[in-house]
Amino acid sequence: MGNVKENFQKVLEECTALYVALGATAVIGHVIAQQRAGNPMYDIVTYRHCPQCEAGQPNLMDTCLVCGSSTIVLEEEEKETISYMMAESAEVKARVEFIIKEIRTMNLDGETVQHILEETGMDDQMRSQLSGEVNPY
Ligand SMILES: [Zn+2]
């Protein structure tokens with residue numbers, strides 16, 4: 001296989017040029033056609049929300065193939081929502097992620113989650129947070 005970065009550049013140029021000439025639908029059609037034809041450069045194209053286009057677009061290496069802007073912004077916005085505690089300590093973050101994983105694999109129902117919140121004394125805080133009260137640190 002050739003240089004991944006070079007290939008990526010080529011795909012991006014092809015797609016953004018198509019967008020300028022014919023619009024986003026043409027880019028999506030082109031991607032689908034190339035994937036059907038088995039073009040390996042298009043194999044790893046996925047669809048992701050692009051904050052610039054404000055729409056789901058073909059995406060390659062965190063770049064929107066329609067407007068060429070980075071789609072990684074969305075992930076950074078998500079990171080901002082992690083709590084102060086999590087940002088402060090990598091250990092806390094790892095443990096929180098562990099708990100989330102446990103809860104996911106256990107397939108808990110709403111009542112059980114409520115029970116956990118009550119047992120840990122977090123139910124009142126949850127109630128106020130879910131009702132939209134913003135709690136500035
Ligand atoms: Zn875009």
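These legends describe close-up views of a predicted model. Local features need pLDDT of at least 70 and side-chain atom pairs count only at pLDDT 80 or more, while totals for chains, interfaces and linings use all residues. Residues are numbered from 1 along each chain as its sequence is written.

**View 1. The protein chain has seven helices and three strands.** Along the sequence, the pattern reads α-α-β-β-β-α-α-α-α-α. Helices (H or I, at least four residues) and strands (E, at least two) are DSSP runs, numbered from the N terminus. Of the 137 residues, 15% are buried. A buried residue has 20 or more other C-beta atoms within 10 Å of its own; 12 or fewer makes a residue exposed, and anything in between partly exposed, with C-beta atoms placed from the backbone. Take the contacts between residues at least 6 apart in sequence: 31% join residues at least 24 apart. Two residues are in contact if their C-beta atoms, placed from the backbone, lie within 7 Å.

**View 2. Helix H1 (residues 4-22) packs on helix H2 (residues 24-36).** The angle is about 140 degrees, and the axes are 7 Å apart. H1 is therefore oblique to H2. Axes are lines fitted to C-alpha atoms, for helices over the stretch in contact, and angles run from 0 to 180 degrees between N-to-C directions. Angles under 35 degrees count as roughly parallel, over 145 as roughly antiparallel, 65 to 115 as roughly perpendicular and the rest as oblique. From H1, Cys-15, Leu-18, Tyr-19 and Leu-22 make the contact; from H2, Ala-24, Ala-26, Val-27 and His-30 do. By class, this contact has seven nonpolar residues, one polar and no charged. Nonpolar means Ala, Val, Leu, Ile, Met, Phe, Trp, Tyr, Cys and Pro; charged means Asp, Glu, Lys and Arg; the others, Gly among them, are polar.

**View 3. The largest nonpolar core holds 15 residues.** Such a core is a set of buried Ala, Val, Leu, Ile, Met, Phe, Trp, Tyr and Cys residues joined through C-beta atoms within 7 Å. Cys-15, Val-27, Val-31, Leu-65 and Val-66 have the most contacts inside it. H1 and H2 each supply at least two residues of this core. The largest share, four residues, comes from H1. Leaving out residues up to four places away in sequence, Val-27 touches Cys-15, Leu-18, Tyr-19, Pro-58, Leu-65 and Val-66.

**View 4. Gly-56 sits in strand S2 (residues 55-60).** Gly-56 counts as partly exposed because it has 13 C-beta neighbours inside 10 Å. Gly-56 touches Tyr-47, Arg-48 and His-49, not counting residues up to four places away in sequence. Thr-46 lies ten residues from Gly-56 along the chain, and their C-alpha atoms are separated by 9.8 Å.
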